[in-house]
Structures are given as C-alpha cells and as structure tokens.
Amino acid sequence: RMQRLDISWNRLGLQGISSLLGTLRGEGKAMLRCLRMGHNLYEDNEAKSWYVFLVGMTGLQELDVSGSGVGPRGALELRRVLFGMPRLKTLNLSSNNLGDTGIA
C-alpha cells in the first residue's frame, strides 16, 4: 500500500488536486502516512473543495501544504479536517498568507 505521496511543485489547480486525491479510497486513504502537496496553484477560496479529500486520512503523520495560497479562510477549513488526524506530527504551512486571523 502507498504510504507517501508527493505531488508538490506540479502546478496543479483545484481540478488536478481533486482528481488525484479522489482516487484514494477507504483503507488506502487511512494507510497514507505522508502527503506533500505544497506549491501548487489552488486559492484560499477553493480550500473547502479540496480539503474534503483529506477527511479519512487518519494515519497521516506529515502534511505539507506550504506555498499553496492558504489564507485565513483556508486555515479555518484545514483546522476542521486536522481534528480527524490523530497521528499528525508535522504540518507545514510555510509561505502562505495566513495572517493573524488564520492563526487564531
């Protein structure tokens, strides 16, 4: 089973990210340990659309969404998803525009 997926720096937009993450199902989704998807082309207002694919990744230990246009709205949506990732140890949000609101 796949445990690591790195799709960083691929200039993927919402459609590409959704297509790739949408192929992960059930146990395969839960077995994923590392997901690196930083520096792609999604925007803060699209966050809810692709974060839904992170739901069920209960085994995830590392998540990288650096340089991905995550702003205050996206940070709020991501926060909701993170509660379902009890094993998460590393979260990379660097090079985003979170601002004070996104960190609160």
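A contact here means heavy atoms within 4.5 Å of each other. This is a predicted model, where local features need pLDDT of at least 70, side-chain atom pairs count only at pLDDT 80 or more, and totals for chains, interfaces and linings use all residues. Residues are numbered from 1 along each chain as its sequence is written, and side-chain values use heavy atoms, with hydrogens and water left out.

**View 1. Contacts across the protein chain.** Take the contacts between residues at least 6 apart in sequence: 84% of them join residues at least 24 apart.

**View 2. The elements in order.** Five helices and four strands make up the list for the protein chain. Start at the N terminus and you read β-α-α-β-α-β-α-β-α. Helices (H or I, at least four residues) and strands (E, at least two) are DSSP runs, numbered from the N terminus.

**View 3. Overall dimensions.** The C-alpha trace of the protein chain spans about 40 × 30 × 20 Å along its principal axes.

**View 4. What is tucked away.** Of the 104 residues in the protein chain, 40% count as buried, meaning under 20% relative accessible area with a 1.4 Å probe, protein chains only. The accessible surface (Shrake-Rupley method, 1.4 Å probe) comes to about 5900 Å², and 50% of that surface belongs to carbon and sulfur atoms.

**View 5. Helix α4 up close.** Helix α4 covers residues 72-82, and its buried residues are Gly74, Ala75, Glu77, Leu78 and Val81. Looking down the axis of α4, these buried residues fall within an arc of 165°, so they line one face of the helix. The arc is that of the directions from the helix axis to the C-beta atoms.

How values were computed:
Buried means under 20% relative accessible area, exposed over 50%, partly exposed in between (1.4 Å probe, protein chains only).
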